[in-house]
Amino acid sequence: IDPSKIKQFDTVEEAFQDLKKGTSDAVINDIEVNAYEVQMYPADYKFTGQKFPTLEPYGIVIAKDNPQLKAAVDWALDQLQADGTMDKLKQKYGLS
């Protein structure tokens, strides 16, 4: 991911509005907050099905009409797990 393309928002509502407008590709946030948004707007959002290895549960939500991005994110996270990168990151940052 090109760091210049990462957006930060003052509120999670702004992040999800941006995702719904199509000007963001995904929202990474606390899983409970993401779950609420997906539950409230199931026609608009979908979980990728992957979780980040953090001390707090994080999840990735993408627009439901972007299956290519979901497949790409799932593939990338699966590769990081398969090649041991996730385990190395967990160990490096004390998450294992």
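User: Which side chain does Asp 44 meet in a salt bridge?

Analyst: The partner of Asp 44 is Lys 20, at 3.1 Å from N to O, where a salt bridge is a side-chain nitrogen of Lys or Arg within 4 Å of a carboxyl oxygen of Asp or Glu. This is a predicted model, in which local features need pLDDT of at least 70 and side-chain atom pairs count only at pLDDT 80 or more, while totals for chains, interfaces and linings use all residues. Residues are numbered from 1 along each chain as its sequence is written, and side-chain values use heavy atoms, with hydrogens and water left out.

User: Where do Asp 44 and Lys 20 sit in the chain?

Analyst: Asp 44 is in the loop between α2 and β2, and Lys 20 is in helix α1, so the pair, 24 residues apart, links distant parts of the chain; helices (H or I, at least four residues) and strands (E, at least two) are DSSP runs, numbered from the N terminus. Asp 44 is partly exposed at 25% relative accessibility, whereas Lys 20 is exposed at 52%. Here buried means under 20% relative accessible area, exposed over 50%, and partly exposed in between, with a 1.4 Å probe and protein chains only.

User: How many salt bridges does a search of the whole structure find?

Analyst: There are three. One of them joins Asp 18 to Lys 7, with the closest N and O atoms 2.8 Å apart, and another joins Lys 70 to Asp 74 at 2.5 Å.

User: Changing topic, which residues make up the largest nonpolar core?

Analyst: That core has eight residues, namely Ala 15, Phe 16, Leu 19, Val 27, Val 38, Tyr 45, Val 61 and Ala 63. A nonpolar core is a set of buried Ala, Val, Leu, Ile, Met, Phe, Trp, Tyr and Cys residues joined through side-chain atoms within 4.5 Å.

User: Where does the largest share of this core come from?

Analyst: Helix α1 supplies the largest share, three residues.

User: What does Val 27 touch?

Analyst: Leaving out residues up to four places away in sequence, Val 27 touches Ala 15, Phe 16, Leu 19, Asn 34, Gly 59, Ile 60 and Val 61, contact meaning heavy atoms within 4.5 Å.
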